[in-house]
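User: I have a structure open and I'm new to this. Can you walk me through some of it?

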Amino acid sequence: MAFTKDDFKAKIENIQSQPWYKEPLGFGIARVDRGQLNKDKILQATYPVVNWKENFGSAAVFLNALKEAEIEVDTSKSEFVCSISDKFLTSCIETFRPYIPEAKGQEHKNVQVVSKLASLPIDSGFTADDYKIVFIFEDAAVESVETAYMKLYALSSGKAALRSLNLNGIFGTLPNCAWVGNQPIELEWLRENEITLKLTGKYPEITMVDKFPRFLSHIIPADNTRILETSKVRFGAQLAAGTTVMPGAAYVNFNAGTEGAVMVEGRISSSAKVGAGSDVGGGASILGVLSGTDGVPVTIGENTLLGANSCTGTTIGDGCILDAGVTILPGTKISLSEKAVAALKEINPGKEITTVMKGSDFQDINGVHFRVNSTNGQTIAMRSTREIKLNADLH
């Protein structure tokens, strides 16, 4: 038992010096939703706190508490998931004791989690099996629903950078569910009970059917971030402060998003990211790694405008403009006048710029205006002379 903060620090140092201890990449305690037919099937994991490359003192407390509860943690594997127990919670509370009085609001959130769990009333309807302690020790392919959700939390909370995590296996791991708000329901359960539900007027109003929940079902965005329709952002997306996602044609997929204040009125597909100050116009589409980008993730630079209904399948630099309806794919043939070549070389010193280029050749070139010659239909590029600037009052 730790009576003072110095006692706590000494205990943590002792735990971390043990040969069995391994520092995790991420960890946390999750409440899980189980299948209505198959109680062993995990449909969703909700984390009040996700620790990612941080709070290693709490990680040591949790790992030691598992050891004292006689639960063996195999740190040689990439991930570890198990149900919590009263013995685990008691050990955590005893170690965290010096910090319990000040664990409020934004302070000592891991302490708040175990304190809340330890004080849940017996008739709350929850049991120890409704909660899981989860560790990720290596960024390997996803093996469980609990670790899949932890990685999605890390992305959507901004604790992990876009495209920085191994998400292999996530589609095979996450179950396809019917969703009523943020509650997942097994499709098999609906089929099994369809007649009764419909005859008694209890068939649910299904919001969607998907493997991923919605972003707002798990994430509280920054004060100046706006999402005008919940279905437009998938969990696992990352929205920087100041981003606005409009209704209509806008959509942000998982492992995709913005790196600053951005206006989103078009589609940001999986693995695509958009720089600060840019505007993804109405119906514009940034292709994902499975839709025409040669498997290379697309990055849109800062202060760039993608015009309405334009399509981008390759990286575009800073301060660029795609006119409405223009499509730039990696192999798109683009023509430049000698004047345009000279103007672009002036602001992109050292870059190879010629009178005929492919879309993929523009990846590191800034200040380009992409257009279509209305006479011959040829895609052309020139020096952009227009400053792209978002309305500060809106972002």
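Predicted model: local features only at pLDDT ≥ 70, side-chain atom pairs only at ≥ 80, totals over all residues.

User: Which strands does β1 pair with, and over how many bridges?

Analyst: Strand β5, residues 131-136, runs antiparallel to β1 and is joined to it by six bridges. Strand β2, residues 42-46, is also antiparallel to β1, with four bridges. Strand β3, residues 51-52, pairs with β1 in the antiparallel sense over two bridges.

User: Which residues could I click on to see that?

Analyst: For β5, look at glycine 28, which stands opposite valine 134. For β2, arginine 31 faces threonine 46. For β3, take glycine 26, with tryptophan 52 opposite.

User: And what holds paired strands together in general?

Analyst: Strands of a sheet pair through backbone hydrogen bonds, and the pairing can be parallel or antiparallel.

User: What about the sheet with β6 in it, what's the strand order?

Analyst: That is an open sheet of three strands, in the order β7-β6-β8, with antiparallel pairing. The edge strands are β7 (183-186) and β8 (208-210), and each of them pairs on one side only. On average, neighbouring strands in this sheet are turned by 35° against each other, ignoring direction.

User: How many bridges between β6 and β8?

Analyst: Three, between β8 and strand β6, which spans residues 177-180. Within that pairing, cysteine 177 is opposite aspartate 210 of β8.

User: Switching to helices. How do α1 and α2 sit against each other?

Analyst: Helix α1 (residues 5-16) packs on helix α2 (residues 56-68) at an angle of about 70°, and their axes are 9 Å apart. The two are therefore roughly perpendicular. Their crossing is left-handed.

User: Which residues touch there?

Analyst: From α1, the contact uses Phe8, Lys11, Ile12, Ile15 and Gln16; from α2, it uses Phe56, Gly57, Ala60, Val61, Asn64 and Glu68. By class, six residues of this contact are nonpolar, three are polar and two are charged.

User: And what is the angle between α2 and α3?

Analyst: Their axes cross at roughly 135° and come within 8 Å; α3 is residues 86-96. That angle makes α2 oblique to α3. This crossing is right-handed.

User: Which residues make that contact?

Analyst: On the α2 side they are Ser58, Val61, Phe62, Ala65, Leu66 and Glu68, and on the α3 side Lys87, Phe88, Ser91, Cys92, Thr95 and Phe96. They divide into seven nonpolar, three polar and two charged residues.

User: Last topic, loops. What is the phi of asparagine 55?

Analyst: About 55°, a positive value, although asparagine 55 is not a glycine. Asparagine 55 lies in the loop between β3 and α2.

User: How accessible is asparagine 55?

Analyst: Asparagine 55 has a relative accessible area of 40%, so it counts as partly exposed.

User: And serine 271, where is that?

Analyst: Serine 271 is in the loop between β14 (267-268) and β15 (273-274). Its phi is also positive, near 80°, and this residue is not a glycine either.

User: Is serine 271 buried or exposed, and why?

Analyst: Serine 271 is buried, because its relative accessible area is 11% and the cut-off for buried is under 20%.

Note on methods. Residues numbered from 1 in each chain as written. Heavy atoms only, no water. Pairing = 2+ DSSP bridges. Axes fitted to C-alpha atoms, helices over the stretch in contact; angles between N-to-C directions. Parallel < 35°, antiparallel > 145°, perpendicular 65-115°, else oblique. Left-handed = near helix turned anticlockwise from the far one by under 90°. Contact = heavy atoms within 4.5 Å. Nonpolar A, V, L, I, M, F, W, Y, C, P; charged D, E, K, R; others polar. Buried < 20%, exposed > 50% of the residue type's maximum accessible area, 1.4 Å probe, protein only.
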